[in-house]
Amino acid sequence: MLQKHKITPEDFKGYEGTFEYLNITRPDIIQDIHKQYLLAGAMVMDTNSFGGNRIKLKEAGLENKVYELNYAAAQNAKEAIKSLGIKDAFVMGSMGPTGFLPSSTDPTLGNISFNELSDVFEEQAKALIDGGADLLLLETQHDILEVKAGIVGARKAINSSCKEVALQVQVTVDQYSNMLFGTHILTALTIIKDMGVDVFGINCSTGPTEMENTIKLLSENSPLPISIIPNAGMPENVDGKAHYKMTPELFADVISNYLTKYRINVIGGCCGTTPDHIKNVKIKAESLKLTDRISNPKNQNINQLPTFCSPISIKEGKIAPLIIGERINSQGSRKAKDLMLQDKYDELIDLAKSQEQQNADLIDCCFAMTERPDEELQLSTFSKKVAYTTNAPLCFDSTEASVLESAVKSYAGKPLINSINLESDKIHQILPIVKRFGLSTIALCINEQGMAKTAEQKIAIAKKIYNIATNDYNLKAEQLVFDTLTFTLATGEDEWKNSAIETFEAIKLLKKELPGVKTVLGVSNVSFGLSPSARKILNLVYLHTAVEYGLDMAIFNAEHFHPISELNKDEVALAKALILNQGASTLTNFIEHFQKIEKQSAPAKDNKQVVTEKLPLNKAIQQKIITRDKEGIVDLLEQLRQTMKAEEIINTVLLPAMKIVGDKMETGEIILPFVLESAEIMKKSITHLEQYLDKNSNMSKGTIVLATVFGDVHDIGKNLVKTITENNGYKVIDLGKQVPADKIIETALTEKADAITLSALLVTTSKQMQIIVEKLNELGKKIPVIIGGAAINDNFAKTISNINGKQYAGGVFYSKDAFSGLKILEGIINDSKKSH
Amino acid sequence: MTQKKVINPDKFIPFINKQVLFKTSWGLKDNNNQDTIQELEKAFIATKELILSSYIKGLVYSNIFSVTKENNSITFPEHGITWEFPTVDGKNIASAAGNKLVLQVVTLGKEVLKLYEELENQGNYSNAFYFHGFTTWMAEALAQYNHNTVRNELGSRLPPERYSFGYSLCPDMSMQKDLFKLLELNENSEVRLTESFMMYPEQSTSALILH
């Protein structure tokens with residue numbers, strides 16, 4: 001319209017093309033245009049301030065005139081209405097886009113913060129309200145994140161003005177109902193619907209015909225009044241200028257057809273619509289005699305949690321629960337934490353995508369960790385980046401209000417907040433954010449006394465939170481998602497046996513007593529302390545049981561989600577019995593079932609039944625020792641004794657058998673406890689033969705003094721050395737554990753020991769070994785010392801054998817186990833024989 | 001006040017990690033065959049029955065403490081005790097801790113020593129060996145069992161964190177002296193400390209629980 005008036009370059013006073021400037025240079029023209037539309041029947045005057053924000057005006061060098069120009073724009077509309085004496089017309093302060101696209105990662109277009117944007121809109125809105133605007137209009141919006149900033153800014157201006165000013169928001173969509181970056185109209189609706197918007201609709205871009213699909217969707221789904229402001233048809237390029245060719249009659253026909261079919265509350269014209277268009281629409285509309293247009297939409301369950309682009313992220317017909325993928329969590333996943341520590345956002349986005357592919361409906365994100373101070377920056381950076389690639393909405397998991405607020409401002413979608421509780425005052429920091437951005441939040445049933453255990457306590461806390469949220473912060477019930485808390489069932493303590501039932505009962509009661517609220521559970525804690533295979537089943541059965549009680553969402557590893565029908569029926573029954581506390585020993589039964597599974601994979605077979613009867617006697621005895629078969633050993637020994645002396649039996653039959661056992665251990669054919677069983681038979685055999693031995697004969701291959709050193713109580717290693725050494729033909733004097741150095745040395749001297757063997761577990765107690773070697777050295781003794789234990793190695797042996805640069809004469813030998821100790825001992829005895 | 005609990009072994013034996021017991025204490029190697037595993041399964045059942053028919057009980061001493069933190073140290077203000085922790089791979093117990101800390105000592109008590117010595121003295125070497133490994137992991141199972149309960153009592157939602165003395169994040173064994181003081185354990189308790197701050201009987205574990 002402005003272009004039709006003969007405006008001269010002088011009218012712009014050097015600011016040519018900045019039409020907002022005409023508000024102060026040629027108010028007569030602006031008011032005249034308003035009057036033409038008023039006379040055509042328009043009831044709401046859109047002010048001449050579309051590009052009147054600071055960013056746009058700065059392009060013309062008019063950034064210092066923001067207030068003056070917008071104030072004048074509102075005044076001009078008001079004057080026009082006043083001069084015609086119309087009573088029921090309103091001034092609507094127009095605010096167009098800034099030209100930035102904040103949700104874009106483009107270094108230029110995306111280079112503006114949420115706070116800067118909302119300040120820009122607040123400034124413009126304030127001037128328009130002061131100038132007399134009855135309502136504000138954010139229009140022709142392309143980027144949903146700018147819409148959010150615009151709403152926050154406009155709301156701030158409205159709230160501080162103390163006037164009742166309505167807020168209308170219009171986005172621009174193509175004929176497929178998508179905004180510039182693909183944000184669908186229903187997504188946009190869901191994102192803004194609880195942010196304090198009074199009317200929501202579309203304008204510009206297309207004519208009314210191309211808008212029908214979008215109008216239909218809004219009509220069926222929007223709980224808000226709907227505004228439709230089309231162009232006069234699709235623009236056509238004539239000599240480089242946009243022309244709109246739809247006639248006023250046709251325009252009015254199409255619109256009036258929509259008015260009969262759809263719930264539309266505000267109609268009007270955008271580019272190319274003349275007073276004639278408005279006049280025709282007005283006449284047609286009035287002839288329809290439409291009555292109450294504010295009615296509820298057909299679909300009441302408009303999705304609460306959309307993302308940036310996806311129209312409905314929750315799959316059609318999907319049965320509860322929604323799965324909140326839990327893997328992007330610095331406190332729950334080592335992998336995720338490492339990626340966060342290294343700022344590997346691309347890999348984190350891959351982690352989000354893979355969860356989405358595994359059917360996670362939302363993605364939980366927790367970046368809190370003690371290693372880094374920048375949780376706020378990290379979560380915000382991630383949120384902005386991930387919005388482009390992931391359709392599943394995010395769930396911001398933090399205890400810090402500032403972290404949550406920054407993340408919400410960076411994220412183009414609508415996140416779920418995780419979480420609030422009554423433990424501290426933080427609820428009063430977080431709920432204002434939930435309200436301002438129209439979000440939903442998880443609320444934990446926790447108060448100053450801690451986590452609520454009984455259904456009754458849980459309900460009491462939930463109601464208190466509900467009252468605070470709905471009364472103090474004006475939230476709707478559907479914006480609250482209560483977590484009735486999961487405790488581990490792996491305690492076996494009576495106190496916790498009913499904990500799952502209490503949690504489920506609370507879900508049922510909450511849904512009954514607080515209609516509209518949703519419920520959520522963090523599932524995996526229920527099986528904390530059990531084996532991985534048991535955990536998988538218990539988690540799933542717990543989740544499915546909770547759903548039967550009405551659970552809506554679950555924080556869960558999406559990869560592990562299966563329908564209950566795919567699980568083993570017996571395992572489900574065992575898990576259910578544990579969860580619902582049905583009967584005694586439910587925990588033990590459950591755990592033991594999963595141990596049995598492991599056992600079944602090992603087929604039963606008894607390898608002890610080796611035929612020994614047909615072997616010659618000496619071989620049969622050896623076979624008994626090697627196969628650990630006690631039965632009949634004494635009989636065999638007695639038979640052999642008819643032809644062989646006891647001493648010979650020990651030396652040529654029994655000891656070689658133990659040697660074979662030791663070799664089998666070394667090659668990994670058998671394991672240590674089996675060697676010990678052989679040693680038991682060996683001991684039994686020798687004890688039996690002792691009565692026949694010549695009293696004067698010395699059967700022993702040598703003598704050792706054995707001890708666990710002072711300060712050390714670990715004697716399993718020492719006892720193994722004793723058993724193995726003794727049953728290989730040596731005399732072992734065992735002094736036990738915690739033995740002082742002096743006692744060990746004294747015994748070794750009086751018993752004329754061939755070696756001292758010492759054991760110690762820790763670095764601290766191994767110092768005793770050094771003390772003993774030093775004392776032996778001081779006394780001028782040459783008894784070899786064999787040492788072993790977890791903290792002992794070859795180097796340590798070398799170190800302590802070196803005393804002031806000289807080697808200890810007896811030598812210090814490291815032995816890694818009882819068998820290598822035996823070899824060392826054999827070497828020592830052979831050497832001493834040679835030297836004699 | 002230190003909480004003292006007596007727990008029947010049938011309650012926490014199910015928490016023994018059999019795979020770990022077989023591999024780390026009973027000598028099972030990756031190349032051992034199914035027969036060997038089968039024999040160890042039998043030994044497991046036999047040892048369990050032996051213990052269930054004995055006087056062995058699980059004993060738990062634990063308490064929740066309010067603490068203050070500064071840099072890498074944790075202070076128990078009421079007791080005038082401060083613990084310093086090293087930072088390993090960017091992790092430090094003090095910085096990971098909240099303002100509440102649970103200390104826990106679990107033991108199978110003196111009874112376990114008696115039975116072990118009896119088996120050794122009878123020359124029942126293999127059963128003594130099985131018994132030793134089994135009871136060592138029973139102490140660990142008991143620690144896990146009580147940790148489960150503590151988590152519910154604390155209302156922990158964060159992943160479990162339980163640290164024992166003598167390992168990299170908490171290497172100073174002498175802290176056990178303070179630990180015993182904080183839990184009011186003394187010479188006459190079922191578990192005591194040696195001169196080198198080891199617990200005796202060795203079928204005991206101590207822990208610091210963050211959540």
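**Backbone exceptions, packing and overall form**

Asp89(B) is placed in the loop of chain B that runs between β5 (81-84) and α4 (93-96). In this predicted model, Asp89(B) has a positive phi of about 50° although it is not a glycine, and the residue is exposed, with a relative accessible area of 77%. A positive value also occurs at Asp343(A), where phi is near 55°; Asp343(A) belongs to the loop between α12 (334-341) and α13 (345-357) of chain A and is partly exposed, its relative accessible area being 34%. Most residues other than glycine have a negative phi, and most peptide bonds are trans.

Cis peptide bonds are found in both chains: one joins Tyr200(B) and Pro201(B), with omega at about 5°, and another leads from Asn418(A) to Ser419(A), with omega near 20°. Pro201(B) is located in the loop between β9 (199-200) and β10 (204-209) of chain B, whereas Ser419(A) lies in strand β13 of chain A.

Strand β13 (416-422) of chain A is also one of the elements against which the buried residues of α15(A) pack, the others being α6 (114-130), α7 (144-161), α14 (375-386), β12 (394-397) and α16 (427-436) of chain A. Seven of the 10 residues of helix α15 (residues 401-410) are buried, so this helix is largely enclosed by the rest of the structure; the buried positions are Ala401(A), Val403(A), Leu404(A), Ala407(A), Val408(A), Lys409(A) and Ser410(A).

The largest nonpolar core contains 293 residues, of which Leu136(A) and Trp83(B) touch the most other members. Helix α6 (residues 125-154) of chain B provides the largest share of this core, with 11 residues. Beyond its neighbours within four places in sequence, Leu136(A) is in contact with residues including Met92(A), Met95(A), Leu128(A), Ile129(A), Ile158(A) and Val165(A). A further core of 28 residues lies apart from it, and Val705(A), Ile744(A), Ala797(A) and Val812(A) are among its members.

Chain B comprises seven helices and 10 strands. Its radius of gyration is 18 Å, close to the 17 Å that the globule rule gives for 211 residues, so chain B is as compact as a globular protein of that length. Along the principal axes, its C-alpha atoms fill a box of roughly 55 × 40 × 30 Å. Buried residues account for 58% of the chain, and, among contacts with a separation of 6 or more, 72% link residues 24 or more positions apart.

Note on methods: Residues are numbered from 1 along each chain as its sequence is written. Chains are lettered from A and ligands numbered from 1 in the order in which they are written. This is a predicted model: local features need pLDDT of at least 70, side-chain atom pairs count only at pLDDT 80 or more; totals for chains, interfaces and linings use all residues. Side-chain values use heavy atoms; hydrogens and water are left out. Helices (H or I, at least four residues) and strands (E, at least two) are DSSP runs, numbered from the N terminus. The radius of gyration is taken over C-alpha atoms; the globule rule is 2.2 Å times the number of residues to the power 0.38. Buried means under 20% relative accessible area, exposed over 50%, partly exposed in between (1.4 Å probe, protein chains only). Contact means heavy atoms within 4.5 Å. A nonpolar core is a set of buried Ala, Val, Leu, Ile, Met, Phe, Trp, Tyr and Cys residues joined through side-chain atoms within 4.5 Å.
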